[in-house]
Amino acid sequence: VEVKHEATLESLTAVFQDWTDAFNDGRTADFFAYFHPESDTLDEDYPWRMTKDEFIDHMNFHMTGANGKPLWDGFRWIPRETHIIVVGQTGHVAGFSTFRGKPVDAGYRQRFMGFTLTWAFANGKWQLLCWHQSVLAGRINGASPS
């Protein structure tokens, strides 16, 4: 998919859609190509910050498992209620998402999350600097004193 890269809201919106589609359609090379070499990812199922290479390894584990067999029959990351803004050469995408998946050995699962993405327009293209997503239950439980 050819997406025009410019430091505009329209361009970042199209890039975000292509990035999302690349993940959901299994176009892993396209998906990871959007990540800046020095990017950070804070994922909901791993307690530490990951570099690009560590995140690729993390996702490869989900896709191929420890024995080379996929852990999932399929999964999708579905963003909603997104807020997209461009300020100068920086893009920000925030919203909620649902991760839906079917492990090979269990029934369907879904997680509801909040997420933020920080993008930089550099070298003529949008590059993902940071992806942070957290399960909503962690933000709700204990939010107010009992």
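These legends walk through several views of a predicted model.

**View 1. The whole chain, from one end to the other.** Let us begin with the overall layout. The chain is built from four helices and six strands. Starting at the N terminus, the order of these elements is α-α-β-β-α-β-β-β-β-α. With a radius of gyration of 16 Å, close to the 15 Å that the globule rule gives for 146 residues, the chain is as compact as a globular protein of that length. Its C-alpha trace spans about 45 × 45 × 25 Å along the principal axes.

View 2. Of the 146 residues, 36% count as buried. The chain exposes about 8500 Å², and carbon and sulfur atoms supply 54% of that area. As for charge, there are 13 positive and 18 negative side chains; the centres of these two sets lie 5 Å apart. Contacts tell us about the fold as well: among those between residues at least 6 apart in sequence, 49% join residues at least 24 apart.

View 3. Where do Phe-31 and Trp-131 lie in the chain? Phe-31 belongs to helix H2 (residues 28-33) and Trp-131 to strand E6 (residues 125-135), so this pair ties together parts that are 100 residues apart in sequence. Are the two residues buried or exposed? Phe-31 is buried, with a relative accessible area of 2%, and Trp-131 is buried too, at 3%.

**View 4. Trp-131 again, now with Trp-77.** Trp-131 also forms an aromatic pair with Trp-77. This pair is edge-to-face, with 5.6 Å from centre to centre and 80° between the planes. Which strands does the pair link? Trp-77 is in strand E3 (residues 72-87) and Trp-131 is in strand E6, so the pair links distant parts of the chain, 54 residues apart. Both Trp-77 and Trp-131 are buried.

Methods: Residues numbered from 1 in each chain as written. Predicted model: local features only at pLDDT ≥ 70, side-chain atom pairs only at ≥ 80, totals over all residues. Heavy atoms only, no water. Helix = DSSP H or I, 4+ residues; strand = E, 2+ residues; numbered from the N terminus. Rg over C-alpha atoms; globule rule 2.2 N^0.38 Å. Buried < 20%, exposed > 50% of the residue type's maximum accessible area, 1.4 Å probe, protein only. Contact = heavy atoms within 4.5 Å. Areas by Shrake-Rupley, 256 points an atom, 1.4 Å probe, with all protein chains shown as cover. Lys, Arg positive; Asp, Glu negative; His and termini not counted. Charge placed at Lys NZ, Arg CZ, Asp CG, Glu CD. Phe/Tyr/Trp six-rings, centres within 6.5 Å; stacked < 30°, edge-to-face > 60°.
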